Every structure is written in structure tokens, then in C-alpha cells.
Amino acid sequence: MTPSADPEPAGTRPAEGPRKIAVLGAGSWGTTFAKVLADSARADAHARHEPSARTVVLWGRDAAAMGHVARTHVNDRYVPGIRLPERLEVTGDLAAAVRGAELVVLAVPAQFLRPQLAAVAEHLGADTVVLSLAKGLERDSGLRMSEVVAEELGRATGRGPEHWRERTCVLSGPNLAMEIAEEQPTASVVAAPTTELASWVAHSCRTRYFRPYTNTDVVGTEIGGVVKNVIALSVGIADGRHFGENSKASIITRGLAETTRLALALGGRLETLSGLAGMGDLVATCSSPLSRNRTAGRLLGLGKTLAEVQEEMTQTAEGIRSAPAVLALARRHGVNMPITEAVSAILREDITVDDLAPLLLGREIKSEGTAP
């Protein structure tokens, strides 16, 4: 794709926020976040005592299903019983959704992100901001989602990865979609290369029930969101094996330690992992029956095979796909991650779920902390 006219500087944005936002992916989290954005647009307009000037569009690949959602304002498959805002536009036309959007939100599973970006690239504006909601590592490359965005859009648009790195943000935190769809109070984190860009995005998704904080630690924010899925699989397995609360609390705590070790090795910051994108997301994902990864782990713990678990799950449990990539990344950087090692071995069927406890607790005596 040939670049068009030179874009505005990366930090130059309309003060009132994005005039059009496209959310790509109409699963539970994509649909819920589109609702958050539409509610935020309505609240902003109300505060200004003027009609809303912001358009929010939700796109899904199944045109028939999107037509049904557009008519009923309900996505029964993914967020049943939740009435979506009347002003939220819904479409199965990717070009129509993306064209003219100043903020494009990526809510597709991590392993499908790259091909989706290739389809999106030709419709993006030169200064479009990209916000990734996906929590995973690309299986073959081991890249974080923001790295996949920069690499793929840089290639597909001809602008190079640095152009898109400056315009790519991530959102993470305790984001159990159904609770947010029900408007239960939730806080999250928008991480971006600059404070100004993070704030610009955060202001577009703040509501009375959804409170975004900001930081500039994209690496730490993404790693927290990636590894917590693997730890949640381990907690789920422990639950399926009828281990008690002590066992699960031990896994969560040591899981935070190994998540922090990896994040720091990659350049993340310690305070990020002790905040919403680290501990907050980990606790929610490991504790809630709404968590897909905890549910998948529990099914494994009950004795189901990986194939049976994947057949039974209606949505993607990212930890299953990301665990091998997390382990490979840790090994490349010399980071010791025993819980991730154990979960990966179970997923490879090298060991059984009965071997989990001795692998987690049978290590040599050492000091507690995030050191290897």
C-alpha cells in the first residue's frame, strides 16, 4: 500500500476525542467494550449539553449475526440479556466500519490478529490510533500484540513499524466482560507510548462504571495480561483436582512472581505488575468462574483431554495457545517460570494433572521474591 500524505504528528489529536471509533471483533469483550465506548460518548455529550458527535461502530465477521444484533440491540451469543446502546452502530462490513475511524479497537483473539490486520490496513487513516484488547503472544513469533500490530501494519501500509508503534496502545486489567456489561464498577489501564496518547484514549472509554487509568509501560501491561492466562489455567487445574484455597493462593502469588520476573527482563516496570494490569487482572482471572482460562484449566483438572476441553469451550482460552510462546520467551531471556513450565507440559501431555502439585512445590528452598 502506498503511503498517502504525511500524517499529523503522533501527539496531535482532536481535543474532544475521536470522532469515530471502530471496534473489530464482536465476541464478549469486543461487544462489551463497544458498549463502554458508546456509553462514554453519550455521557460526554450530556456533560457538554450538546448532541453526541462521536460514532462507535462494532464489526463482526458474521454478517447475518451482525444484522440480528443491529436489529435487536442484543448480542445473545456472547453477552446475553444485555441491551446495547441505541446509538451503537453494528455492521458486518469491515471497510465501512474502519474507514474514517480515528481510533480502531482490536478485539480479536491473539492468534488471529495478524491476518485481521492485513485486511484492515488498506482502510486505515495515516494517523489512526490502534488500541489492542487481546491478551496473548503470537504463537510462532512470540511477539506481543503491540509488536504484531507495529510489524504487520508497518509492512502492509508501507509506513514502517515505528510509525505504528507510536500510535498503538493496549488496554488491560480485571476485564471480565459480563461483569462490565452489567455495569459493575471496574478499573483498567490504558498503556501507550506517551502519557498524552494514553489519556486521549482513556477519556474515550470512561464511564460511571468503567474507570481507565493510564501508564506508559506497554511491555509490562501486556506481559501481565498474557501470563495471567497461563497462571489461571494452573489455578483451574488445581480447582478441578479439588485442591483447597491455600493451594490456589500459593499458585496465584508465585504466579505473580514469575510474571514479574519476565516483565522486568523485557523492560517492564515493577509498579505495573503490582497494579491493575498485573495483580488486579491475575486475581480476577484466577478467581472468577466467568474466566475462560480458569474454566479450561478446571476441565483439564477434572480429567478431560485438551481436545475435549477445546470442543466444549465456546470461546477462546488464550492461555492454551499462549503458554508455549510464554515458555519459549522466558527461556530466551533466562527467566525461571516453573508454573508456566508445568502448565506447558500438561498441555503437551508430557505429564498428567496429577503431577502438578509436586512440580509446583518440589523445588529447592530459596528466598521469596521476583529474583530467578
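Are α10 and α16 roughly parallel or roughly perpendicular to each other? Keep in mind while looking that this is a predicted model. The two helices pack with their axes 8 Å apart and at an angle of about 105 degrees. Angles of 65 to 115 degrees count as roughly perpendicular, so that is what α10 and α16 are.

Now look at who does the touching. On the α10 side you'll find Ile251, Arg254, Gly255, Glu258 and Arg261, and they meet Pro338, Ile339 and Thr340 from α16. Sorted by class, this contact has 3 nonpolar, 2 polar and 3 charged residues. As for the spacing you see along a helix, an α-helix has 3.6 residues a turn, so residues three or four places apart point the same way.

Stay on α10, which covers residues 245-265, and pick out Thr259. Its relative accessibility is 3%, and the cut-off for buried is under 20%, so Thr259 counts as buried. Setting aside residues up to four places away in sequence, Thr259 touches Ile223, Gly224, Val227, Ile231 and Leu273.

Val227 turns up again in the largest nonpolar core. That core has 42 residues, and the members touching the most others are Val227, Leu262, Ile320, Val326 and Leu347. The top contributor is α9, with 11 residues.

Beyond its neighbours within four places in sequence, Leu347 is in contact with Leu233, Leu300, Leu306, Gly319, Ile320 and Ala323. Apart from this core lies another one, of 36 residues, with Phe33, Val36, Leu171 and Val201 among them.

Following α2 is His73, and its phi is positive, near 60 degrees.

One last stop: Glu102, in the loop between α3 (94-98) and β4 (103-106). Is this charged residue buried or exposed? With a relative accessibility of 17%, Glu102 counts as buried. Its side chain reaches the backbone nitrogen of Arg19 at 2.4 Å. Glu102 also sits 8.5 Å from Leu124, C-alpha to C-alpha, with the two 22 residues apart in sequence.

How values were computed. Residues numbered from 1 in each chain as written. Predicted model: local features only at pLDDT ≥ 70, side-chain atom pairs only at ≥ 80, totals over all residues. Heavy atoms only, no water. Helix = DSSP H or I, 4+ residues; strand = E, 2+ residues; numbered from the N terminus. Buried < 20%, exposed > 50% of the residue type's maximum accessible area, 1.4 Å probe, protein only. Contact = heavy atoms within 4.5 Å. Core = buried A, V, L, I, M, F, W, Y, C linked by side-chain atoms within 4.5 Å. Axes fitted to C-alpha atoms, helices over the stretch in contact; angles between N-to-C directions. Parallel < 35°, antiparallel > 145°, perpendicular 65-115°, else oblique. Nonpolar A, V, L, I, M, F, W, Y, C, P; charged D, E, K, R; others polar. Polar contact = N/O pair within 3.5 Å; in protein donor to acceptor, adjacent residues only side chain to side chain.
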